[in-house]
Structure formats: structure tokens, C-alpha cells
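Please look over the sequence and the structure before reading the points below.

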Amino acid sequence: MIPDRRIGADVPGLDFIAIDVETANSDPGTICQVGLATFRDGRLTAGWKSLANPGCDFHHGNIAIHGIRKADVAGAMLLSDIMRNLHPALGANVLVSHSSFDRRALANASARFDLPMPDYRWIDTLSVARRAWPELKERGGYSLGKVCRFLGHDFAHHDALADAIACGHLLAIAAARTGWSIGSLITPPKPPAKRLEAASPRFPAAVRARSGDPLGHLAGEAIVFSGDLSLPREDAAGMAARAGCRVMTTVGYRTTIVVVGGDHPSMRADAEKSSKHRKAEDLAAEGYPIRIIGEGEFRSLVGGT
């Protein structure tokens, strides 16, 4: 692509690669498109994107977001091959994404193909936007689309390259406005979670909050259950914890997955939604990376039947 000097801002030393991915279903590791935007001194210098064949089924909810279908990636490079080339290409660059979703996607995709996940330095532009423009909290929230609309940057949302460029543009504008250095914006690494103790064969009647197994494939996720499930909630909570999810009792800013009972009521206009479901939708509208999924998707996500 031809670099566009209108993208970003002149900020000496602000060098990074912004990354965005689209996924086939609720598993962040099912990447079906990836986009990279390289910024040097705050300005866009290069961009790249590719479809990826993740070798899995596509969920209609994801297709509705990005428009990519299984047939569209039939002839694309295998995700396993892209991942093997992606890590060396990213090298020691600072990586930038809007929320932690893309970071989890890289980690999950790497784990799928037994690839080591490098210890990248990350900047989360969702956090940057909250700090730089606190007034947006009362004006629609901090989703990438809403922040960029506020900045006057139009783009094709949910195209991986367009989203990566928008993310980088947001960071450059924020850094130019505030004077923040790139080092001050890097997200500090989280301390390792404690190993999950062996579960008791008998659970209390109500779901209790619990830590997730740090070795599970969903480590780093925080899950809440809402509505009636076909299996006891305490059993569902145990499945989630063994897969690595931190089980929460209420929906909050740290929640990343909300499992709703039945066939995902958010897909039906006449469904009566629970307070947890509505809270999750409100937070998602503000830009928080919360996925709302049904019981079937939850079982697939944790590896249950």
C-alpha cells in the first residue's frame, strides 16, 4: 500500500505495528483475517493484510460482523503457515491493538499450532482512549469506531487492515495531544495466576467465583453465566475453570465472556434479556471486549460435548 501522510501525527520515536484480526467463531484462535499497519515516528509507513484459513467452522454471528465466510478462505493461506511467519515478521516491535482481544487471538492461535508466543510489548488503545478523552464516556463509549468518528477518521470497520490503521491513527493522535511517550503507554505484564486447586466432587448450590487453570487454553478469560442452561451452572463453571477461565458472579469491566441460556437470546428480538445480559451489551457498546455467546458455543469453546 502507498503510505498516507494524513494518517497519524508527527511524534518522533513513536514506532510500532498496529495489529487487528477477525475470527471465524467465538474462539479467538480461529483467525480468518489479519491486518498489520506499520507506523514510524507516528506516521503510517506500510500496511499488509491477508485472509487466513483457520480450518474450522464459521459462526453466523461472526460472519454478520466481518462478512467473511468459510468459502472465502478456502484458497487462502493456512492459518498455521501464517502464524509461523507472523511472529518473525513482528520481531521486537511494540504491538498495538484496540483491547486485549487481538493479543488473546495471537496467543490462542499460537497454542493451536504448538508455536511459542513471544513476550511482545503491547499498547492497548482502548485504555489509551479512556485516558486521553474521558469525555467520551458520556458520548457513546470507546469502541474503535466511535473514537475514530470523534477524531474524524472514516474507515471500513471490521476489515483487519482498516482497523489496524485506525488503531494506529488513534494512538498517534493521542500521543501528539498528550505528550505521552511510547514507554509510558506499554501495558505492564500481568503476574502469573495461581494454579487451580483440585476441584471438589461436590459443588455448592450456587455458582461461586473461582480462578481458572493458568495452563488452560482459555487462560486470561473472565466468564459470567446468565439465564437457564441445560446443565447445572456449577458444572458449567467447573468446565470453564478447567479450561482456564476465571469464573465471576457479576458482569463487570473485567468480564470477557457472558454465556446466556437457550439459543442465544440476543439473536431474537422478542427475547427477554437478563440484567447481566443487558449489562454486557452496554459494556460492549462502550468498547469493552465482551463476547456474548450461547450454551452451544460455550461447550465448543471449552471443549465440552
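1. In this predicted model, the charged end of Arg131 is placed over the ring of Trp180, at 4.2 Å from the centre of that ring.

2. Turning to pairs between aromatic rings, the count comes to five. In one of them, the rings of Trp133 and Phe150 have centres 6.2 Å apart and planes at 70 degrees, and because an angle over 60 counts as edge-to-face, the pair is classed that way. Trp133 belongs to the loop between helix 4 (125–132) and helix 5 (144–151), while Phe150 is in helix 5 itself, so the contact ties together parts that are 17 residues apart in sequence.

3. The two partners also have their accessibilities assigned: Trp133, at 3% relative accessibility, counts as buried, whereas Phe150, at 32%, counts as partly exposed.

4. The rings of Phe225 and Phe298 likewise form an edge-to-face pair, with their centres 5.3 Å apart and their planes at 90 degrees. Since Phe225 lies in strand 6 (residues 222–226) and Phe298 in helix 10 (residues 295–302), this pair ties together parts that are 73 residues apart in sequence. Both Phe225 and Phe298 are buried.

5. As to confidence, the mean pLDDT of the protein is 86, and 89% of its residues reach 70 or more. Over residues 192–205, however, pLDDT stays under 50, and for this stretch the model has 16 contacts beyond four places in sequence. Where pLDDT is low, the predicted coordinates should not be read in detail.

Methods: Residues numbered from 1 in each chain as written. Predicted model: local features only at pLDDT ≥ 70, side-chain atom pairs only at ≥ 80, totals over all residues. Heavy atoms only, no water. pLDDT = per-residue confidence, 0-100. Contact = heavy atoms within 4.5 Å. Phe/Tyr/Trp six-rings, centres within 6.5 Å; stacked < 30°, edge-to-face > 60°. Helix = DSSP H or I, 4+ residues; strand = E, 2+ residues; numbered from the N terminus. Buried < 20%, exposed > 50% of the residue type's maximum accessible area, 1.4 Å probe, protein only. Lys NZ or Arg CZ within 6 Å of the ring centre and 35° of its normal.
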